[in-house]
Amino acid sequence: MLTSEGITFETSDLSANTQYIFGVYAINDEYVSTAEYVTFTTDMLPQIGGETRNNMPGRYTASTTDVNGNTVTFPVTITTGVDDATTAEYALANRLVALGFGPESQFPYTSLSDMIAAGHTAEEAADLYGPKWFIEFREDGIVVPKPDNLSWTMGNFGTDDNSYFWAVGIRPSTGRDMDNLYDFPIEVSADGNTVTVKGYYNENIPAYYYPTMCTAASSWWFNDIQFRCYSELVLTRDTSTSAYLHRGAVKAPKTVVINSFDRSVKESRQRAADLMKK
């Protein structure tokens, strides 16, 4: 403390992407005291998806086509989670969550708090809020994951069965609908402002399947189609109201210099020291 180099503090067991405040209070023999603090944010852990994943959260306008080729649009918000528990859960699964699917007037967003207020438990609410779907980052690319064994639901919209992210296409030889559960590949533009959910191409048929929201009680077949895309689902970022705010990590300084011999405010500092001693 008697040198101009200050003090070096070392600590461990810090959490990633977390803000910390470290403070120091020093008193000399003449009751001259000082207090200093430093605030910093730790780096995020390495994650699959890197900067693309970090930049993706925000508000978008989704567009696709209906059975007649008309354009259908609706709002979608991509985020890391809707509370601390879901944020932690989705991070472990390398996922972001997309809120909104289909015309907003038909499928209005119902939040966790709305579900709980309606009488659901916190666990039920975490399963049923929505409409929602996931964006999953893998070593070989980005996908909307299929709900294997109905492992996740888009929500419930006043029906006996929950809704799920299904794949529905048209068999070229007959013109009839066909369905399955597939992972849909995702492409992100170079500037990060366009996210495209591609159709799944089954070369054995051959045919494209597109994202669809269906009610289902079994992963073998769906009951009713609630909203169906007849082409790729294209999300365009709304830059004027983007929910994304970059939080770059700030490095903590290695030293904190404490000017512990400033006698200009000796009386006030002595009173503070006396209070601390009590």
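Is R138 buried, partly exposed or exposed? In this predicted model, R138 counts as partly exposed, because its relative accessibility is 29%, and buried means under 20%. The setting of this residue is described below, beginning with the fold.

A closed barrel of 8 strands is formed in the order β3-β4-β5-β6-β7-β10-β11-β15, with antiparallel pairing. From one strand to the next, the twist averages 30 degrees. Strand β3 (residues 58-65) runs antiparallel to strand β15 (residues 233-237), and 4 bridges join the two. Within this pair, T61 stands opposite T236 in β15.

The count of salt bridges comes to 6. One of them joins the side chains of R95 and E136, at 2.7 Å from N to O. This pair links distant parts of the chain: R95 lies in strand β5 (residues 95-99), E136 in strand β6 (residues 132-138), and 41 residues separate them. R95 counts as buried, at 18% relative accessibility. E136 is buried too, with a relative accessible area of 12%.

R138 forms a salt bridge with D183, with the closest N and O atoms 3.1 Å apart. D183 sits in the loop between β9 (177-180) and β10 (184-188), whereas R138 belongs to strand β6, 45 residues apart. D183 counts as partly exposed, at 22% relative accessibility.

A further salt bridge joins K198 and E187, at 4.0 Å from N to O. K198 is in the loop between β11 (194-197) and β12 (200-202), and E187 is in strand β10, 11 residues apart. K198 is partly exposed at 22%; E187 is partly exposed at 47%. Salt bridges that share partners join R95, E136, R138 and D183 into one network.

Terms used. Residues are numbered from 1 along each chain as its sequence is written. This is a predicted model: local features need pLDDT of at least 70, side-chain atom pairs count only at pLDDT 80 or more; totals for chains, interfaces and linings use all residues. Side-chain values use heavy atoms; hydrogens and water are left out. Two strands pair if DSSP finds at least two bridges between them. Axes are lines fitted to C-alpha atoms, for helices over the stretch in contact, and angles run from 0 to 180 degrees between N-to-C directions. Buried means under 20% relative accessible area, exposed over 50%, partly exposed in between (1.4 Å probe, protein chains only).
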